[in-house]
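Hello,

Here is the structure I promised to pass on to you. Have a look at it first, and then read on for what turned up.

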Amino acid sequence: MRFMIIVKATRESEAGVMPDEKLIARMAKYHEELHQAGMLVDASGLQSSSKGWRVRYAGDKRSFIDGPFAETKELIAGYTIIQAKSREDAIEWTRRFPNPALDNGEGEIEVRQLFELEDFGESAAVERFRDLGVGQK
């Protein structure tokens, strides 16, 4: 089972404030422990929404919206993807996730389970994803 740990953005992360050495050290230690446990799949921080964009769909029409985006509570500052044996195992590890906020202030993570290709049943379209190596454990 794969899970994504989503680090919610803050005013500071959206302003481009980089984490201090203490926060980077806490994150490195946690991710090293995940790696040693064979659970770390991927992890990265995201640049502020001022360097991003959105594409909004209405049927076949698309509209392009350039960042930044106002509602920081809806934005993501980073993520970690883990491979866990169970939901309980994932919960145990995410409870250990360091506070992602600067100066140990208010921060938030959200955890969501990823779909696996097996969840969609067998079909030619799913096989095309398998051939690409997408969604593989």
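How many residues does helix α2 have, and what length does α2 reach from its first C-alpha to its last? This is a predicted model, and in it α2 runs over residues 21-36, which makes 16 residues. The helix reaches 22 Å, close to the 22 Å expected at 1.5 Å a residue.

Let me stay with α2 for a moment. Its buried residues are L23, M27, Y30, H31 and L34. They lie on the same side of α2, because the arc they cover around the axis is only 95 degrees. On the other side of the helix, E21, K22, H35 and Q36 are exposed. The cover over the buried residues includes β1 (2-8), β2 (40-45), β5 (76-83) and α3 (87-95). After α2 comes G38, with a positive phi near 75 degrees.

Helix α3 can be read in a similar manner. Here D89, A90, W93 and T94 are buried. Their arc around the axis is only 130 degrees, so they sit on the same side of α3. R87, E88 and R95, on the other side, are exposed. Among the elements that cover the buried residues of α3 are β1, α2, β5 and β6 (109-113).

Now for the core. The largest nonpolar core has 17 residues, and Y30, L34, M39, I82 and F97 are those with the most contacts inside it. At least two residues of this core come from each of β1, α2, β5 and α3. The element that gives the most is α2, with four residues.

Not counting residues up to four places away in sequence, E14 touches A9, S48, S49, S50, F69, T72 and L75.

The whole structure holds eight salt bridges. One of them joins the side chains of E116 and R2, at 3.1 Å from N to O. This pair links distant parts of the chain, 114 residues apart: E116 is in the loop between β6 and α4 (124-132), while R2 is in strand β1. E116 counts as buried because its relative accessibility is 7%, and R2 counts as buried at 10%.

Two others lie within helices. E33 and K29 meet in a salt bridge at 2.5 Å, N to O. They are four residues apart in α2, so about one helical turn separates them. E33 is partly exposed, with a relative accessible area of 21%. In the other pair, E127 bridges to R130, with the closest N and O atoms 2.8 Å apart. These two are three residues apart in helix α4, and therefore also about one helical turn from each other. Both are partly exposed, E127 at 32% relative accessibility and R130 at 23%. Through shared partners, salt bridges join E118, E122, E127 and R130 into one network.

Happy viewing, and best wishes

Technical notes. Residues are numbered from 1 along each chain as its sequence is written. This is a predicted model: local features need pLDDT of at least 70, side-chain atom pairs count only at pLDDT 80 or more; totals for chains, interfaces and linings use all residues. Side-chain values use heavy atoms; hydrogens and water are left out. The expected span of a helix is 1.5 Å times one less than its number of residues. Buried means under 20% relative accessible area, exposed over 50%, partly exposed in between (1.4 Å probe, protein chains only). The arc is that of the directions from the helix axis to the C-beta atoms. Contact means heavy atoms within 4.5 Å. A nonpolar core is a set of buried Ala, Val, Leu, Ile, Met, Phe, Trp, Tyr and Cys residues joined through side-chain atoms within 4.5 Å. A salt bridge is a side-chain nitrogen of Lys or Arg within 4 Å of a carboxyl oxygen of Asp or Glu.
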